[in-house]
Amino acid sequence: CKQILQNTIQQFAITDKLETRELEGCVGKVISEIVGTPDVQVSLSDIASNDEYTYTHSVSTMVYALMIARKLNYNEHKMAALGMGALLHDVGKMLIDREVMFKEGNLTKQEYEYVKMHSLYGYQALRRIPTLPEQIRLVAYMHHERLDGSGYPQGLSGEELNEFVRIAAIADVYDALTTDRCYRKKWSANKAMDFLVERSGKEFDPELVGLFTQQLAVYPNGSLVRLSNRYTGIVSKQNRSMPLRPFVRVIQNPAGEDIVPYEIDLM
């Protein structure tokens, strides 16, 4: 998907025409994978990558958004529209000066205001595709809006934000936080999840945050973990309602000595 998106955007930069046929095929394949494996939980390591950040981020955001859509029982037509919106949500960044967009360190206030224009630029670019539904364009325009009105570009709030936009906001923020950026090291999955939960009901839709967190394997099966009592264990199974509290097979004591393994449920 990432290569298809990259080729499409590069062609768009040359011809000013955005061809969506291959992108639609890409979205359809991801939907088939998600619908076909209803019990899957996504681990950050499954889709994260550090190369070509914007393209990788767009694909990851699409996957996360579609995971939420599955929990909402969207039909495939509705999932396809959401997936396309999420995949194209940052298309406006391609129209921002790269020196500013990928500047190391803090942006000046003027630079930050300029970068924020990517949502408007993206919307305007997508408006030039008459066959693209408005709800897809609005994901590009409004994915930085927040429930409490603290977002941009218009400071919209509450019912002014449709469900596609609310979903994309969660998926976008989670992936951005858990990926290395030119100005910041990536956060751990559990720290990023805590960020969303803490702002649930304020900036983010609490129901959608709940559905999202249920599907993330913050500590994937097989992960080596240190418990609060200093014992070491291996994650053996997930608690789907509480990904921060998996089942752990304890294998070593605090001194690092092997013990007779036993399993605990961190719930």
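**Salt bridges and burial**

Modeller: Start with Arg 166 and Glu 159, which form a salt bridge with their closest N and O atoms 3.7 Å apart. This is a predicted model, where local features need pLDDT of at least 70 and side-chain atom pairs count only at pLDDT 80 or more, while totals for chains, interfaces and linings use all residues. Residues are numbered from 1 along each chain as its sequence is written, and side-chain values use heavy atoms, with hydrogens and water left out.

Colleague: Why is the pair Arg 166 and Glu 159 called a salt bridge?

Modeller: The term asks for a side-chain nitrogen of Lys or Arg within 4 Å of a carboxyl oxygen of Asp or Glu. The closest N and O atoms of Arg 166 and Glu 159 are 3.7 Å apart, so the pair meets the definition.

Colleague: What makes Arg 166 buried or exposed?

Modeller: Buried means under 20% relative accessible area, exposed over 50%, and partly exposed in between (1.4 Å probe, protein chains only). Arg 166 has 15%, so Arg 166 is buried. Glu 159 has 74%, so Glu 159 is exposed.

Colleague: What about Lys 103?

Modeller: Its side chain meets that of Glu 111 in a salt bridge, at 2.7 Å from N to O. Lys 103 is at 24% relative accessibility, so Lys 103 counts as partly exposed.

**Backbone**

Colleague: What makes the peptide bond from Tyr 152 to Pro 153 stand out?

Modeller: The bond is cis, with omega near 15 degrees. Pro 153 is found in the loop between H9 and helix H10 (163-177). Helices (H or I, at least four residues) and strands (E, at least two) are DSSP runs, numbered from the N terminus.

Colleague: What is the phi of Arg 230?

Modeller: Phi is near 75 degrees, a positive value in a residue other than glycine. Arg 230 is found in the loop between strand E1 (224-226) and strand E2 (232-237).

**The whole chain**

Colleague: How many helices and strands does the protein chain have, all told?

Modeller: 12 helices and 4 strands.

Colleague: Why is the protein chain called as compact as a globular protein of that length?

Modeller: The radius of gyration is taken over C-alpha atoms, and the globule rule is 2.2 Å times the number of residues to the power 0.38. The rule gives 18 Å for 267 residues; the chain has 20 Å, which is close, so the label holds. The C-alpha atoms fill a box of roughly 65 × 45 × 35 Å along the principal axes.

Colleague: What share of the 267 residues is buried?

Modeller: Buried residues make up 48%.
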